[in-house]
Amino acid sequence: MKKGNAVVSNSRRYITQNLFILTRTFYRLMTDSDPLQEKTNKAVLWSMLLFLPILMILVPILDIFLIFFLPGLHIFKPLFKAGWKYGLISSIGVTLAVAIITQYVFFIYSYQYQAFGLYLSEEPRSYIQMELDYSYIIPSPSQYFSIDGFANDALFFAGKEIEDLDQRILDTELYFKRATFTQTYDPVENENTLPNMPLIGTEGGLRSHLSLQISNGTIPTEDFEALALVTREFYNHSSIRVNSTIPLYVPIALDKRASLQSPAAQTELNITGIVIIDEVRDYTFGNSGLSIPLDVLFELEGGAAVVSWWKEAASVLHDIAVTGGLATLYEDLFYDVRLINAFNIQSEINILKLIIEELKQSYVTFGITELRVNSYLVNLMENFRDEYNLYQTFMFAFLSPIIVLTIILTVYAANLVRKKRDRQLTILTERGTRRREIGSYLALEALITGTISLFFGTFLGVPIAALLTKSSGFLSFGNTTIPLKLELSSVIIALLGSVGAIILIQLFNTITLLKKRDIEDYGRIEKSLPIYYKYFVDLILIAFGIVTWFIFKMPALSNYQDQSAKFIGIPSIVLMLFGLILFVQRLLPLFARGLARITSKLKMDIPSLSVREISRYQKSFARSSVIICLSFSLVISTIVVPSTYQDFNTDGAYYDLGADIVIRSFPIENENLKQNIRNLTEVESITVVRFINLHDEGDTTVTYSVLAINRTSFVDTAYFRSDFSDVELKDMLELLDTPLSVLVQQDELNILDDQVGEEKSITYTAYSEEFRLIPPITDPTMDLNLTISLVEKYKYWPNLVSSISISNALGSFYHFVADFSFLEHIYVSPLDVIDYLYIKVAEGYDIETTAERIGTIVTTGLIYNVEDEIYVKPDSPRSSILYSAINSTLIMSFAINVIILALFASIQLIDKSKEIATMKAIGISGGQLIKYYLSVYIALLAFTTILGIIIGYIASAMLMGVLTFTRNIPPYFLTIPVRQILTVIGLLLGAAILGATIPTITSTRQEIGTELRQSA
Amino acid sequence: MSFIEIRDLMKIYQTKETNVRVPALRGIELDVNEGEFISIIGPSGSGKTTLLLVLAGMTTPSAGQIRIGDVRLDQFSEEDRSMYRRHKVGTLWQIPNRNLIWEISILENVEIPMRLLGIPREERVKRAHELLSEVSLDHRIHHKPSQLSGGEVQRAGLACALAHQPYLLLADEPTGELDSKTAGELLRYFQHLNETHGITAIMVTHDFDVAKSTDKLIQIVDGRISGFSRTQDLKTIRDVHKVYLDSYGNIQLPRYLLETLEVQKEVLVEEKDEGILLSQEKEKPKKTKNKKT
C-alpha cells in the first residue's frame, strides 16, 4: 500500500513538474509576443489561472481513481514488461490524436492573434469619424473649440461606462472640408486640367503638425493664404508652386465647366508653402507612436488639397458667394488599436459602438442632427469577426471529421493492442486477479501513456503545424508570411482538447479490456456487421442529421448565421455523412458476394477466393471501410469545395467590381486620358459608369441607387452572367431608350409594390448651388419629384449592391440601372456621384499587369483590378482561411488513409499469421499469398473509393451550402476538377496499396515454423 | 467427510444469439478425498472441462452444491471466486499460451501468483527457483516460453499453477499436445508434486494410459457420471473391464489391453445370449512362394 502511494505521489510530482516546464516555456513565448497583444496577455493569464485549477481537479480525480484501485499496482511490473510494446502503439496513436488537435488549435489561434494585426496594418484609418454635413463655418477659432468640445463631452459620458476610455481615445481632431477644384497647367501632358483640390480648415494638433511639415515655403498667416498638400505625382503634373496664386472653384453643377462660368463660385488663394504628403512624416496622435498618413487622414482621392487654419479657410469659404460657409465638418477620434482584444472582438465592437452612440447623443443635444458616423475601425473589426467566423467554420467543418477519424484510428490501433492484451489479462484473471486490480493497472498505464502522449503530442503539434504552414501556404498574408505563433491559451485549449481525447480513447480501451469475456471466445470469426448496425445507429444518425439541418435552415436562425453554421450546420452535415457512411457499409457483404461471383466467372481463382474474406470478417472490414470511406470523402470535398469556393469568389470579385479593371473617381471629362487607355494593346474596351445616390430624407430614409451606363460600351466591357436576369443583357439595355426609364431589381419590386411596365414617382433631395441663387431659397438643397418608368427587372446586377456607401446609414435601398441620359433629369451634389471607368482586358493579357500599366497613365482616381479583389486568392490574407484548412485536411486525410490501410493490413495479417503459415505449409507461394491478400485490400479500396467519391460530392454540396450561408450572391455551381481528383485519388490508391503491400510482404516472408508455433 | 463434495451439480449454457439452452452438466455427484489424484475421462462435449471450470471457480454452476474443504463454491460471489482462485486453486491447460504470458520469462510467470498474494520479492524468487528446479527447469528460468520445448512449457505451467501453494490442482488435458514420452515425464512430475505437496489433483484426459496413473478414474458421459473405479482395481481384475461406448457405437478400449492382447485395427463382434463378445480375428497364414533353388 505504501509503495503504491509513493508511485502515485511521484507520478503527480512529475506531472506537475512537466506542466510547470510547459507553462514556463509558453509563458516566455507569450511575453515575447507582439505589443499589439498587450491586452490579450492578461486574458491569457486569466485563462492560465482557470486552466490550472482544472488540471488540479483532473489530477486528483485520476489519483483517487488509482488509489481506489491501488491493489493493481503489484502486477504493474510484469504486465508493463509484457505489454509495453502495445502500450507504445496505443501511445503513438494518442500522440497522433493530440498532435492533430493541437496543430489545429495552433492554427486557429495563430490566425486569430496575428491576422488582426495585419488587418490593422492594412487599414490605417484607426479612428471614429463624425461627419457633419452642410455645416455653417464661422471665420473664428472659437467655433472650433466649441464643436470640438461636443466630442469631449461625449467622451466624458462614455468614460463613465468604459473604464479605460482615456487610454483608448488617444487624441481628437476637428477640421472642415469643402469640395473645391482648381485650374492648373500640366507641364508633362502640356494641357490645362481641373483637378479636385478640396479646401481644408484646421486647428490644434493638426495645425502644429502641418506647420512642421512644410518642405518649401512658410505657414499661412493671412486670409486667402493656404498650404498646398500634394503628392509628388500631382506636384509634377501641376503649376502650383510656393507664392503662386491659384483659382479655387466650387462645383455648382455636375459639369465643372459650369462653375468656371460663374464668378460667384470662385475665388483666389495664395500658396505660401508646399507639403509633399507622400514624403513627410505621418501625423502622430498623442504620444502613442501610432500615426496616420496625411492623404489618408484627409481622404484625398485626387491626391491634393489646400489647407489653411480654421479662421483663414473659413474666410475663403465666405468669399465664395455660393458657398456661404457651408462645408462638411469632420471630428476624428483616434483610437488606440493596441488595446483591442482580438479574441473578444464582439465586446470591442460594442465598446466602439457605445462611444459612437454617446457622440451622436452629444451632437444631437447641441442641435446637430445631420450627422454621419464613419467608423472604418468598426467596419474593420466586423470584417475581421466575420472572416474569422468563416475561418473557424471552415476549420470546424474539416477539423471535426479529422478528429473523429483520428480517434477512430487510435481506437482501431487500440483494438490491436486489446487483442494482444486479452490473453494476458485472461491468464491473470484465471490466476485470481480481480477486475478492479486490472482496471487499476490499466488506469495507471493510461496515465503514463497519456501523459507521455500529451507531452510529445503537444510539442509534435508544433512541427506538424509548422510543416503544414509551409506546405499549405497557411498564414501567408500578401507578401508577408508570418510564423506560426504559439500562445499559452492556445496551448491550454490544445491540452484540454487532448486530455479529452485521451480520456475518451483510454476509457474505451479500459472498458473494452475489462469487458467480461469467456476465454473460449478466442479466435471467433466476426461474421456479422458491427453491433451498432443492430440498433440502426446509421439510420438514427442520418435522421438526427436531417432534423438538425432543418433547424439550421430555419429562418429564425438567420440572425446568428456564423454561430448556427458552426454549431448546427456543420455538425448536422457531419452527422448525416457519418450516418451515410455507416449506412453504405450494409452493402459491403453484397459487394463482396458480387465481386466473388464476377472474379470466379472470370476464372481469377485467387482473387475470387480472397474476396470472400470480406464476408467472413465483416466486422473488421466494415470498420476499416468506414474510416477509409470517410477519408476518401474528405479528400474529395477538400478538392471540390475549394475549387467551387474559388470560382464562387472569383465570380464574387467580378460581381463586386463589375469589370476586369475599374477606376473609381475617374475624371470622365478627360477625353485624352480615355483615349490613351483605349489605345493600350492590353485593353479590349472601356466604358464609363456613373453611380448616383438619390436620397429621400422623409420619415424613413430611402436611398435610390442608380447606375448610369453607356448602353453600347457597357455590354462589351462589363461583367454580366446570363443567369443574372431572365432577359439577355443587350435586349434589356435596349429598353432604356426612353427618358427616365430604369431597370429594377426583381426582389425590390415587391417592396416597391410595383410591376414592370409601370411608372413610379419618387422624391429625392436635389442639390445644386444654383438653387441658392433663386430667392428666397438660399439653400442648395430642395425636395424634387421624379417619375421613372420600370421597364424590365434583373435578379443580380454587378457592382450595384456592394457599391453603395452604407456605413451607418439606415433606411431602405432601391437599385436601378439607367442610361446616361438619366443624369440630365436630376440635380445632385457632385459628392453623391461617383464616376467609374470600366476596362476589359484583351484576351491573353494579365489583368494585374494591365492595371499596373494603366496606373502609370492615370494620376487621379483609385484603380482596382479583379485579381486583387478575389475574396480568397492564394496570396491574400483571406486565402489562409480557406487553403490552410483545406490543404492541411487533404494532407491529413491522405496520411490517415495510408496509415489506416497499412494498420488494417497489419492487424489482419497478425490475426492470420497461423492461416498464412498453414497456407505456406501446403505449398502456396509467397507471390500467390501477396496476390491473395492484396486482392482483398484492392476490393476494399474499390468499394471505399466509389462510395467515398459519391459521399464526398454530397458533402461538398452541403459544405458549400454552409460556407455561402452568409453570402448567397452571385449563385454558385459546384466545380468538379476531374483531373485533380483523379490525380489525388490515383496517388492515394497507390500510397494505400503500398501501405498494405509492405506488411503483406513482410508477413509472407516469416518462417513457417515460427509462425505456427507463436500462434499456437 | 470428503475434501470435495459435489451434489446434483447442473450447468446449463445459454447462447446469446439464439437463446438455446445447452445442458453441459446434468446432476453430477462426486466425492474426492484430500490429497487424492483423480482423472476424469469422457468423450468430447461430455462436460469434463465444464466440471473443471466450475471447480476452478471460473464459471458459476446453474444448480447443485459444491463444497471444497470448508467453503461452498456454489455460494461464492465474483470477488470470492477471484480470491478462491488466487489462494486455493491452481490450473494447467492443454494450450501452452493459456498457462503462461508469452512476453515475459518463466521466472516472472511463476512469480505472478505470488505477487498477487503480496509475497515479498526475495521469497517469491526463492520459491520460484525451487519450483522450477522441481520441474527440472532451473537452468532455463530466464527464458521466455517461446524459447522452450512443448514439454518444458507445460512443466513451467505446472510450476506456475503450484506457485501460490494451492490445495487443489486442476489440469485440463495437460499432455494433450505432447508425445507419449514427454507426457509420461510430465505425469511423473505431476505425481511427484501431488505426493510431495499433498495437494488434491483433478485431471481431465482422453488418454486411458494417463488416467490409469491416477488414483481414481471417473467417467463422464453426456454431463453425467457414468461410472468410476479405482485404477488399481482396473489393473488387477483382468476379466472385467468397463469401457466407454459412445452413442455412435465407438468403443474405447484401455491401451494396455490393446498392447497386451495385441489387438489389431479390426475386431470381431459376436452376439451372445449374455451380451456381445469382442474377439480378435485370427491371422491368416501368409502364403509363401516356393523359392526355386
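Two residues are in contact if their C-beta atoms, placed from the backbone, lie within 7 Å. Keep that in mind for the tour. The model on your screen is predicted.

**Stop 1: chain B.** Select chain B. Among its contacts between residues at least 6 apart in sequence, 64% join residues at least 24 apart. Now switch to the cartoon view. Chain B shows 9 helices and 14 strands. Of its 293 residues, 39% are buried.

**Stop 2: chain A.** Select chain A next. How many helices and strands does chain A have? There are 31 helices and 26 strands. Chain A runs to 1016 residues, and 46% of them are buried. Look at its contacts between residues at least 6 apart in sequence: 84% join residues at least 24 apart.

**Stop 3: where the chains meet.** Show both chains. Here 20 residues of chain B are in contact with 15 residues of chain A. Which elements of chain B give two or more residues to the side that touches chain A? Select residues 78-87 of chain B for helix H2, then 106-116 for helix H3; these are the two. Color the chain B side of this meeting place by residue type. You will find 8 nonpolar, 5 polar and 7 charged residues.

**Stop 4: one helix of chain A.** Select residues 847-857 of chain A, which form helix H25. Pick out Thr850(A), Ala851(A) and Ile854(A), which are buried. Why do these three sit on the same side of H25(A)? Because they cover an arc of only 100° around the axis. On the face away from the buried side, select Glu852(A) and Thr856(A), which are exposed.

How values were computed: Residues numbered from 1 in each chain as written. Chains lettered and ligands numbered in written order. Predicted model: local features only at pLDDT ≥ 70, side-chain atom pairs only at ≥ 80, totals over all residues. Helix = DSSP H or I, 4+ residues; strand = E, 2+ residues; numbered from the N terminus. Buried ≥ 20, exposed ≤ 12 C-beta atoms within 10 Å, placed from the backbone. Nonpolar A, V, L, I, M, F, W, Y, C, P; charged D, E, K, R; others polar. Arc of directions from axis to C-beta.
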